[in-house]
Amino acid sequence: MRDANPKTTYLKDYRPPDYLIDAVDLHFSLDEEETHVQAWLTLRKNPDAPKGPAPLELAGEELLLESVRLDGRVLTPAEYQLSAEALVVSSVPADRAFIVETETRINPKANTALEGLYLSNGMLCTQCEAEGFRKITYFLDRPDVMARYTTTLSADKTRFPVLLANGNKVGEGVLDGNRHWVKWSDPYKKPSYLFALVAGRLECLADTFTTASGRTIDLRIYVEPHDLDKCDHAMQSLKNAMAWDEAVYGRQYDLDLYMIVAVGHFNMGAMENKGLNIFNTKYVLARPDTATDTDYQQIEGVIGHEYFHNWTGNRITCRDWFQLSLKEGLTVFRDQAFTADRTSRAVKRITDVNMLRTRQFPEDAGPLAHPVRPDSYIEINNFYTATVYEKGAEVVRMIHTLLGPAGFRKGIDLYFDRHDGQAVTTDDFVKAMEDANQVDLTQFRRWYSQAGTPELQVEAAYDPAARSLTLTVQQTCSPTPGQAEKKPYHMPLTLGLIASDGSALPVRLQGEADAASQKVLQLTEGKQQFRLVDLPEKPVVSILRDFSAPVKLNLQRSLEELAFLLSHDSDSFNRWEAGQQLASRIILRRVERIQSGAAPEPVDERLIGGFRAVVEQGGKDLSYRALLLTLPSESYLGELMAVIDVDAIHQARQQVRKTLAEMLREAWESLYQRYHHSEPGRFDAAAIGRRALKNVALGYLIELAQPVIDALCERQFREARMMTDQLAALSVMVNSRHPAKAEALSSFYRQWQAQPLVIDKWFALQATSRMPDTRAVVERLLDHPAFDLRNPNRVRALVGAFSQANALHFHAADGAGYRFLGDRIIVLDRINPQLAARLLSPLSHWHCYDENRRRLMKQQLERIIGTETISKDVYEVATKSLA
Ligand code: 7MF
Ligand code: ZN
């Protein structure tokens, strides 16, 4: 599978392409096992490339070449060279356009990597990003080659009644032998990674959207026939996204037709192919009884994300794959803002920061750390990371914070004006922001080139005589692979000051005229002081409001002060953050006592009192209150320790949960009773909030281990009419010694066996259980008839969930969890290298654990690298993890 020495690609080696492609005409004769592809490419020398002759090198992999023609003349084998990765035509016209025509054969059924053209439940579909188009035909498969495509599909009418490709349908007809054809034409130039086709027995939900300028767009969601009853929410989400991009960015859709196809086998969440998005079924299908509230919200977010790519990704694309964050960071920023507007701003920000801290910060602190714009890669598929996506979005958010909403909008308007139809760089994006606002973002650009999470040390000194506060802020950033020294970053620090009665104090910098209730400070130096004046009393500092920069903040605070902020900070992010810090400090203290064998202390009254106040106080954002009442996750607590002790963290957190359950028992019971009334089919923020809060209460109550609560839980499981409630109850049962656990699991399976997405939940729930027999259960589930290594959702539900969301058992001290993962990766790599490489990431965090676990984790990495047939995907992640 792998070359002895896989090749590294470097950003510094970027050269414009020698040739450009103006037009692509593709003809597919589709079949499950033998698809015939004819391609006519209209090429010419790139005027921006060095003069003189250059060989034409077309990328192609796993293709069976039948013929090559140059301007209609068949080339002899002496006129081209063929390798496993390319077709090279040594002599082509330098002074005029020419046509290269190839005929190739491919076998979609044998394609288990799910990249290129493949088969999913009898449906043919494609995935081309980043470099999958070269598995369909020979091509200049790089994003800076943008062309106009026409695609003609022919296939058996019975097995493939629906034939779809990018753009608009321009013709169709019947053929002999029960076959038919459809021709599609996409008027917009696009890179090859946005190509898509789909063929199958599909049904569609159809609707329309009228744009602000009065154009009517046809909207279609294609699914397998039995899923047609689960498309309404996706359709509504699409219309919401279209309206939002018009309202907030003034951007309309640009074709007459927008299609989404849901497929059951998909390596990632979804794909923004021009006019023909292809989605993982997980992010389309929803019915109240099959999908949770989280699913509903994620579907709207992902539909938004792919829709927003039409402007940020498709109309303006990436020059090369090092610029991936140009489209992904920006589009994640846009989908986050969309979800914030549609749901709860506070909850969305907290969810995003949790994700950043538990997924991106560890990446930035480990051997796989890389800048938002990486410098090199072996396999680009390995760089669709939390750093490129989530940190990339934070970088865009900081520009938004520095420029303000209006300045940001001016910048992005200029970006669209300047670069529409082009393939550009992150630098071009920042330049547009600078030019539209007459600001200098030279230093800010370091966010794109330096890896690692900056740490801030903040000290506050109040001078009563001068009525001033001096904030001293120091920033540092640890070395990362290949980057020993870091230069200081330019970042926004949003600051508020709070008086002892909880009211806001005016924030005024010395030498500035205006005071405001909060202010964005600009940090640029390694060490910098800010002097705030006109302060009648010593304020409580609320800094990094709304998490204004993706950093780790160190600011000495008493538990008293944290409790004060938990009840008084007007910034909803910082208010939640204070509660989390309060809880973290208390839990981590307990961890230390467990480690040293000391007797446990009672849980600090300030945490109990703080929680009691949140339970008893009103507040209409119930989802936000549910988050305030959720202790920091075990993975976040691990993030705060120098050496992660999974057992002690679990034990300490559980003890605190149990105490909170006991101390606030009446409050949890009354919360549960107040909000436990069935509201089938309601997915507004208020109903979602009621369910979230009720289920948090149930989670605490079950810690009491009492028969009445067991019965309550079982009743919720049996009577639930919505998946959120059914799954919450089942989860609580699976994570306890509930007497009806086994029966509930099997009845759930029987009830939902025809719904693969629900069965995924059934697998994931068992894989993430904290109960002691979990690894044995997971091993047994591998042999369950419904487990399938060829289905990525199923693999993620069992193997992914166990290794990424069950630290307690994955990190078992005997290394059995690591061996389990190593075994699965080696087998899976032969089927689907991209998925295998993604599953490897937990092992890359070996440096966070004790000596024994380090050794056992590294042992598995070494064993994987030593496996003869390993793919370059897995090879890159495994070798870099050990470096
Ligand atoms: C929301 O980015 C946020 C991120 C690439 C595939 C979808 O549109 C995408 C594709 C990966 C990882 C995350 C996401 C996507 C991909 C994603 C989806 C929804 N261009 Br890999
Ligand atoms: Zn994306």
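Which handedness does the crossing of H2 and H3 have? The crossing is right-handed. The model examined here is predicted.

Ligand 1 is surrounded by 14 residues. The closest are Glu129, Glu272, Glu306, Glu328 and Tyr389. By class, the shell around ligand 1 holds 6 nonpolar, 2 polar and 6 charged residues. Polar side-chain atoms approach the ligand at several points. Glu129 places a polar side-chain atom 2.6 Å from a nitrogen atom of ligand 1. In the side chain of Glu306, an N or O atom is 2.8 Å from an oxygen atom of the ligand. For Tyr389, a polar side-chain atom lies 2.7 Å from an oxygen atom of ligand 1. Taken alone, the ligand exposes 450 Å². Of that area, the protein buries 84%.

The most comes from H2, with 3 residues.

Helix packing was examined for two pairs. Two packed helices are described by the angle between their axes and the distance between the axes. For H2 and H3, the angle is about 135° and the axes are 9 Å apart. An angle over 145 degrees would count as roughly antiparallel. H2 and H3 are therefore oblique to each other. The second pair consists of helix H20 (residues 774-782) and helix H23 (residues 816-831). Their axes come within 11 Å and cross at roughly 15°. That makes H20 roughly parallel to H23. The crossing of H20 and H23 is left-handed, whereas that of H2 and H3 is right-handed.

Two backbone features complete the description. Ala130 sits in the loop between strand E11 (123-127) and strand E12 (147-156). The other feature concerns Asp71. This residue is not a glycine, yet its phi is positive, at about 45°. Asp71 is found in the loop that runs between strand E5 (64-70) and strand E6 (73-74).

Notes
Residues numbered from 1 in each chain as written. Chains lettered and ligands numbered in written order. Predicted model: local features only at pLDDT ≥ 70, side-chain atom pairs only at ≥ 80, totals over all residues. Heavy atoms only, no water. Near = heavy atom within 4 Å. Polar contact = N/O pair within 3.5 Å; in protein donor to acceptor, adjacent residues only side chain to side chain. Areas by Shrake-Rupley, 256 points an atom, 1.4 Å probe, with all protein chains shown as cover. Helix = DSSP H or I, 4+ residues; strand = E, 2+ residues; numbered from the N terminus. Nonpolar A, V, L, I, M, F, W, Y, C, P; charged D, E, K, R; others polar. Axes fitted to C-alpha atoms, helices over the stretch in contact; angles between N-to-C directions. Parallel < 35°, antiparallel > 145°, perpendicular 65-115°, else oblique. Left-handed = near helix turned anticlockwise from the far one by under 90°.
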